[in-house]
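Please read the following report with the sequence and the 3D view open beside it.

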Amino acid sequence: MDWEDLRVFVALARAGSLSAAARALRVSHATVGRRVAALEETLGQALFDRRADGYVLTAEGAAVLELAQGMDERALAILRRAGRDAGLTGTVRLTTTESIAERFLIPRLAPFRRRHPGIDLEVLIDSRSLSLARREADVAVRLARPQAGELVTRRLSTMAYGVYVAPDGDADAWVGYDDSLAYLPEAQWLARIAAGGRIALRTNGLAAQLAAVRAGFGKAVLPRWFAEEEGGLTALSPPAPPPVREAWLVVHRDLKDVPRVRALVDHVVATFEAERARLE
């Protein structure tokens, strides 16, 4: 049995589709399909039902997954421990939201690059909470504190929100969130405040909300640092205070002392500390 086939099988079982597993493993979807087919041939069993909406484990596949997951976790633990000897070289994967990545962190990573030229960065923009235990990412900046797992967390700052409109925009209408983001505190606040009012445009991205505000569709609840960095918007006084979010840095316990990870963690913490007044 080829261990790589088993690792790909576990990734596909968790992701449910070739494309999602391929993204997590950073390989092509053809490689995922080929590896899984090879494992099925080795075992002489069908591990997945191939359906139009994705890959679903068969009974045999579920049994293999139960055994394989323990192997997967142990192998990843070995990789995390081995990384401690790599020094200030190699790749570190950071995951966060679109707005924090594009508007806040990436523009402030140039000093890190100059200080640590041997470290390569991958910045993964994802609204999902990527798994640090499965090495989908090494470091995360999240707007909620994780509640489970062998994770080390640190609160970076609070982030204040406000209501903004373009100078010639429709101050009676709202730019809001689509249903996929209904769980966000700011979306729930807006649902209460705008109950019965008009939401002229809904979207699932902060940059798209800002573009809609600029285009005159209406007003939106936005992070203050984000709106004020953009400039040219008018702050309004809402009937109730908008929510305040917390930014948290998260790293797996086994990775916190890996030099390249520690270097990025220290830089992110220092960056938020330097900008704390503006964020809060």
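Is F48 buried or exposed? F48 has a relative accessibility of 3% and therefore counts as buried, where buried means under 20% relative accessible area, exposed means over 50%, and partly exposed lies in between, as found with a 1.4 Å probe and protein chains only. This is a predicted model, in which local features need pLDDT of at least 70 and side-chain atom pairs count only at pLDDT 80 or more, while totals for chains, interfaces and linings use all residues. Residues are numbered from 1 along each chain as its sequence is written, and side-chain values use heavy atoms, with hydrogens and water left out.

**Aromatic rings**

A pair of aromatic rings is described by the distance of the centres and the angle of the planes. Rings of Phe, Tyr and Trp (its six-membered ring) pair if their centres lie within 6.5 Å, and planes under 30 degrees apart count as stacked, over 60 as edge-to-face and the rest as tilted. By this rule the count comes to six aromatic pairs. One of these pairs is formed by F48 and Y55, which are edge-to-face, with 5.7 Å from centre to centre and 75° between the planes. Y55 has a relative accessible area of 21%, so this residue is partly exposed. In the case of F104 and F272, the ring centres are 4.8 Å apart and the planes stand at 55°, so the pair is tilted. This pair links distant parts of the chain, since F104 lies in helix α5 (residues 98-105) and F272 in helix α10, 168 residues apart; helices (H or I, at least four residues) and strands (E, at least two) are DSSP runs, numbered from the N terminus. F104 and F272 are both buried, and together with W225 and F226 they form one aromatic cluster.

**Charged side chains**

Side chains of opposite charge can pair when their charged atoms come close. A salt bridge is a side-chain nitrogen of Lys or Arg within 4 Å of a carboxyl oxygen of Asp or Glu, and the structure holds 18 salt bridges. Three examples are set out here.

| Salt bridge | Closest N and O atoms |
|---|---|
| D120 and R113 | 3.6 Å |
| D266 and R262 | 3.1 Å |
| R276 and E273 | 2.8 Å |

D266 and R262 both belong to helix α10 (residues 259-274), where they sit four residues apart, about one turn of the helix. D266 counts as partly exposed because its relative accessibility is 39%, and R262, with a relative accessible area of 34%, is partly exposed too. R276 is partly exposed at 24% relative accessibility, and E273 is partly exposed with a relative accessible area of 44%. Elsewhere, R108, E229, E275 and R278 are linked in a network of salt bridges.

**Two further residues**

R93 is found in strand β3 (residues 90-96) and has a relative accessible area of 6%, so R93 is buried. Its side chain makes a polar contact of 3.0 Å with the side chain of E122, a polar contact being a pair of N or O atoms within 3.5 Å, of which, within protein, one must be able to donate a hydrogen and the other to accept it, and residues adjacent in sequence count only if both atoms are side-chain atoms.

A15, in helix α1 (residues 3-15), is partly exposed, with a relative accessible area of 35%. Leaving aside residues up to four places away in sequence, A15 touches A20 and A21, where contact means heavy atoms within 4.5 Å.
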